[in-house]
Amino acid sequence: MPKNAGFALIWNNLLTLPRAVRESFARRSSPTSDRARSQSIFANIFLHIHSTRVHPQALRLTYTWGLGVASAALFLILTVTGVLLMVYYKPSLDLAYQSIKDIHYVVPTGRFIRNIHRWAAHLMVIAVILHMARVFYTASYKKPREFNWVLGLGLFVLTLGLSFTGYLLPWDQLAYWAITIGANIAASPREITDVMGITRFFDLGGFQKDLLLGASAVGQEALIRFYVLHVILLPLLLFVGVSVHVWRIRKDGGLSRADSSTTSAGKGVGAAQPLPQPPQASPSKTYGLMCVVKGRTPATNQNMDETVPSWPYLLRAELLVLMVTMFVSLVLSYFFDAPLKEMANPMVPENPAKAPWYFLGLQEMVSYSAVIGGIVIPGIAWLGLALIPYLDREKSRVGIWFEGATGRAVVWRSAFFAAIAAVAMVAIPVKFGWLRNWYPQISQIIIILINPGTILTAAYALWSLYVLRRSGSTRLSAIALFTCFLVGFVILTTVGTYFRGPNWGFYWSPSDWPVH
Amino acid sequence: MTIPPINQIDHRIKIWLLIVSLGALAALAAAALREEFGSEWRHYQRQYTDILAAKATDEQGRSLLKAHEIKLRQIVVPELGVTDRCVSCHLGIDDPRMAAVSNPFKVHPGEYLRVHPVERFGCTICHRGQGAAVVFAEAKAEDYHWDYPLLPIELTQSSCGLCHTPPEVDGAGGDRLASGARLFEIKGCYSCHKLAGRGGSMGLALDREGLKVKGQMPMANVAGPHTVPEWLMEHFADPQKIVAGSQMRNPGLSYDETRALTTYVLSLQERDLPRSYISPALNALLAERNNPSELSGEQLYNRFCSNCHDRGTYGRFDKAYNKFMPAIRGASLVAYADSIFLAANIRSGRPGTMMPGWGIGAGGLSEAEIGRIISYLKSAPLPTDVPIREMPASLDFSHGNPLQGGHTFARLCVGCHGPGGIGNYAPALSNKIFQTTADSAFIYRTIAYGRIDAAMPAFRNPGRGGLSDAQIVDLVAYVRSLGARGTPRTAVASTGNPTGHKP
Amino acid sequence: MPSRLEPQAMPRRDFLGMAGLGSAGLAIFGSIIGMVRLPKPRVLPEASGRFKIGPPSEFPPGTVKVIPEHNVRIVATERGIAAMSLVCTHLGCIVAEAPDGFHCPCHGSRFDADGKVVGGPAPRALPWFPISRAADGALVVDNSGETPSGTFFEV
């Protein structure tokens with residue numbers, strides 16, 4: 001044995017150290033073959049959430065617009081910036097506002113990070129809503145994706161919840177009064193129990209409010225509760241939910257796509273039952289779960305020539321979406337500072353006190369009746385959306401926007417109808433007043449039940465029934481209903497954002513607002 | 001449906017990925033550049049380096065220049081809850097060489113900093129403004145979301161009042177505050193406004209007026225910037241212009257006096273500052289609160305009564321309030337009313353009139369102080385040319401006929417005293433305090449002989465109705481019947497001394 | 001040897017298994033109930049709803065006084081003294097006084113001078129609070145209670 005063999009060995013090992021570390025980390029060198037590409041997805045805990053191969057349609061931005069990935073990317077951005085903000089933020093009445101001021105003025109990059117957190121939160125709400133619209137209009141909720149649709153609706157609520165709980169944390173006037181309104185919406189079932197005279201025995205509203213605020217008014221208790229919800233509970237739920245959501249995409253056969261582009265096995269779903277293979281006695285070989293799974297399996301390896309490997313195509317597309325969301329958040333944050341008003345002051349009400357923009361449609365309806373506009377109508381709308389895949393079971397052209405020309409016509413007509421109805425329901429009370437102005441002695445229960453919000457909801461429901469009757473298609477009827485709600489939401493939100501001033505009065509522009 | 005070949009899709013994705021990533025990189029770089037080089041305070045600190053260099057002519061100057069580094073500076077005073085970054089730009093506040101340079105580098109004027117070291121007090125405790133900010137516009141915080149914007153320099157003395165009494169700083173840099181405090185006294189603000197529990201109740205208590213924020217003031221009619229100091233200034237100049245229907249009298253101040261009074265009112269904050277910051281004089285004053293220093297009857301009268309009753313020797317009709325203001329030091333009232341009656345009226349006020357209660361718990365005056373006020377009321381020199389008429393000895397009030405009296409009342413009294421004596425221009429007669437404390441003799445003499453120098457005529461005079469004794473007795477009986485509740489004082493009065501000061 | 005893929009059918013009445021499963025489920029359910037109870041406070045961490053407003057002599061008829069800390073408006077008339085809440089019954093904003101009563105800044109509810117709803121979404125009138133007298137003679141307002149509109153405390 002030569003004298004220096006040991007040194008030569010260690011020298012050689014040192015030279016190949018970077019490669020050895022990389023290989024130990026990635027478990028594989030850079031893939032060159034299709035097989036290796038599949039392997040790299042399979043073998044990585046993070047990438048395995050994707051299937052190894054995807055259909056090219058999934059990569060077309062004009063089909064998905066990358067909205068689902070954008071929502072997830074925004075959640076990632078929000079988690080990262082949120083954790084950074086937690087380094088300085090102090091959830092206490094005396095310190096919260098000051099700590100936000102410090103983040104704004106002296107924390108290195110603090111102002112930028114807070115801006116990103118704020119705008120990314122708004123963007124996430126938009127992305128989630130648009131994602132929902134995309135999934136709906138491409139009929140991607142159809143069997144077997146019903147459950148994922150419902151799950152997505154749950155994630156939508158969590159997104160709003162995260163945004164709402166984050167709203168209080170700066171402890172400024174905006175936060176205080178928006179949350180005061182929100183908490184009282186939670187308490188609004190009292191309107192009903194009061195009318196029934198059972199509040200003393202069954203105070204659902206009071207229970208909800210106590211649970212949310214921990215006190216009878218927004219204060220330290222509420223701040224800490226919202227903080228816990230915002231930084232731990234809701235993100236955790238959202239994370240778990242998103243994981244299941246993405247996992248279900250795979251298990252339900254990948255992204256939905258049109259018939260014309262389907263594999264022979266159907267809409268991306270393997271109908272064939274792989275034969276279970278009995279394990280051999282000797283454990284010389286390990287088995288994937290595949291061999292014991294029965295029923296549907298992802299059609300990853302059927303019509304191989306129609307699909308492309310996820311690595312690198314899908315991953316690159318996803319990276320693009322992440323970069324786009326990042327770019328948009330960065331640009332917004334560069335030019336616009338996140339709002340921060342005076343410190344919360346329970347003795348000085350904001351006028352007008354507005355909730356975050358995506359709740360202004362609700363606030364518009366809440367301005368007719370708290371319980372109906374704030375709880376019943378959103379609850380019915382949510383339930384209606386959740387039930388759509390179970391009620392509309394007819395075979396549809398999955399993966400085609402708006403179901404083709406017929407559906408497009410229904411969308412246009414419904415949008416037109418919904419817009420007219422929503423504008424009318426805003427304009428009539430503004431111009432002529434409502435029941436109480438006409439019949440001052442009217443009973444409270446009628447005021448609660450018959451208001452522009454309920455009439456609008458009923459009109460939308462009737463419209464979708466009308467479409468159902470005319471077309472005989474549950475899918476078209478669902479399109480009509482969804483379009484109505486979407487357009488109604490947009491119009492009411494616009495009115496609440498731009499045309500409501502002090503005392504929730506109607507003003508064409510903020511320059512017409514009376515000075516207080 | 002045709003899907004383009006994967007290479008085409010992928011190519012497009014690559015291009016966009018490149019563009020967007022470069023864009024994101026550019027945004028990050030721009031943000032970093034702005035933060036590192038764009039900040040206002042760095043700009044000022046670099047300028048200050050040049051100034052220091054120009055002035056580094058001696059050993060000390062050179063060492064100061066050497067010690068100067070560009071970094072964020074702040075003063076933290078936890079006891080006062082102060083974190084002030086003003087010194088990041090105001091770099092020369094303690095450098096006497098900086099007298100001639102322009103702001104923000106100028107030395108702090110006056111002797112203030114010598115007695116108030118900036119490390120112990122910070123800046124915003126006196127100047128207000130947003131200490132956390134590092135941008136001047138946001139530190140000044142006018143038209144910015146901040147409750148306490150920078151005080152205009154001419155009102156800054158209001159902050160002296162946080163730790164000092166106004167007289168203490170008179171002539172020591174707090175002249176305007178001291179003069180404001182005097183105006184508060186002279187203009188009779190106490191008549192309607194309480195401080196530390198003493199004062200009238202027509203207006204708001206002003207103990208924390210200086211801490212009010214913009215949203216608590218009706219700003220609609222304020223012409224200048226919508227800030228609390230500006231509100232106060234314009235309000236003192238014309239109360240009704242700022243608050244439509246305000247009952248406040250125009251104090252009639254010059255511009256200088258307006259500023260002084262504003263300064264004083266802004267100093268009213270009742271803040272819980274650490275004891276070590278409070279001057280001995282203010283400490284003594286705070287300790288005295290429960291045991292106010294002796295004020296003479298005249299001083300008390302001036303402070304609490306003069307705003308409505310003026311000198312008190314004549315009655316007058318106040319157009320603003322649409323009421324007769326009784327001549328409480330007028331000859332006839334002082335002659336006819338006894339101390340019990342006066343004390344009760346001062347102590348508990350006169351419901352139905354504007355006269356509030358002044359006793360402990362209401363206006364905050366002690367019994368001794370009320371006694372001194374009464375002595376002062378009675379000390380007014382009686383006019384020698386007007387006879388003070390005694391009671392006819394033989395009247396018996398127990399047989400008055402209220403029905404007859406009612407007719408007389410409707411004919412002669414209702415115009416001023418209101419139907420049923422509920423009060424109109426003239427005081428209410430139906431109220432409980434009046435009914436339980438005014439004795440019948442007092443009522444008789446007031447009706448019969450009127451009030452000298454006041455609106456109440458003498459109804460025995462032929463020109464004013466020429467009432468007979470019997471008619472007046474009926475009228476007294478009627479007035480007595482107006483008190484729905486409470487025990488009339490007649491019975492008590494007959495045993496006492498009805499005329500008070502003339503035995 | 002039975003195949004791992006086709007295990008033996010489960011016995012129809014596996015009592016022990018069912019009982020174990022059932023009690024585990026019950027225990028988990030119970031712990032969830034317990035967890036839900038925690039965030040609902042038994043007593044609210046705040047000052048008492050009763051507060052003194054001063055002696056009756058400070059409230060001669062015609063007096064109107066707003067106590068901003070409690071958002072209560074005290075009115076004294078010939079009939080007595082009454083306290084009314086200024087917190088909108090709709091969603092808890094503070095109503096502002098207007099010539100014809102009170103307007104809510106948040107959603108435009110309108111109340112007349114007695115707090116009765118005359119417009120907007122408010123479900124009920126502004127509550128009136130009971131007034132009583134403390135041992136030292138001061139008037140006490142209890143804003144945790146409620147008294148019918150138009151109830152004046154006679155001094």
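In the predicted model, helix α16(A) passes helix α19(A) in a right-handed crossing. Two packed helices are described by the angle between their axes and the distance between the axes. Here the axes of α16 (residues 404–432) and α19 (residues 452–471) of chain A come within 10 Å and cross at roughly 160°. Because angles over 145 degrees count as roughly antiparallel, α16(A) is roughly antiparallel to α19(A).

The contact is formed on the α16(A) side by V410(A), R413(A), S414(A), F417(A), A418(A), A421(A), A422(A), M425(A) and P429(A). These residues meet P452(A), I455(A), L456(A), A459(A), Y460(A), W463(A) and V467(A) in α19(A). By class, the contact of α16(A) with α19(A) comprises 14 nonpolar residues, one polar residue and one charged residue.

In chain B, helix α9 covers residues 175–186. At 1.5 Å a residue, its 12 residues should span 16 Å, and this agrees with the end C-alpha atoms, which are 16 Å apart. Within α9(B), the residues L177(B), A178(B), G180(B), A181(B), L183(B) and F184(B) are buried. The elements that cover these buried residues include α8 (166–169) and α12 (255–266) of chain B. Just after α9(B), G188(B) adopts a positive phi of about 70°.

A further buried position of chain B is T124(B), with a relative accessible area of 17%; T124(B) lies in helix α6 (residues 124–127) of chain B. The value for T124(B) falls under the 20% limit for burial, so the residue is classed as buried. Apart from residues up to four places away in sequence, T124(B) touches V82(B), D84(B), G129(B), Q130(B) and G131(B).

Note on methods: Residues are numbered from 1 along each chain as its sequence is written. Chains are lettered from A and ligands numbered from 1 in the order in which they are written. This is a predicted model: local features need pLDDT of at least 70, side-chain atom pairs count only at pLDDT 80 or more; totals for chains, interfaces and linings use all residues. Side-chain values use heavy atoms; hydrogens and water are left out. Axes are lines fitted to C-alpha atoms, for helices over the stretch in contact, and angles run from 0 to 180 degrees between N-to-C directions. Helices (H or I, at least four residues) and strands (E, at least two) are DSSP runs, numbered from the N terminus. Angles under 35 degrees count as roughly parallel, over 145 as roughly antiparallel, 65 to 115 as roughly perpendicular and the rest as oblique. A crossing is left-handed if the near helix is turned anticlockwise from the far one by less than a right angle, and right-handed if clockwise. Contact means heavy atoms within 4.5 Å. Ala, Val, Leu, Ile, Met, Phe, Trp, Tyr, Cys and Pro count as nonpolar, Asp, Glu, Lys and Arg as charged, and the others, Gly among them, as polar. The expected span of a helix is 1.5 Å times one less than its number of residues. Buried means under 20% relative accessible area, exposed over 50%, partly exposed in between (1.4 Å probe, protein chains only).
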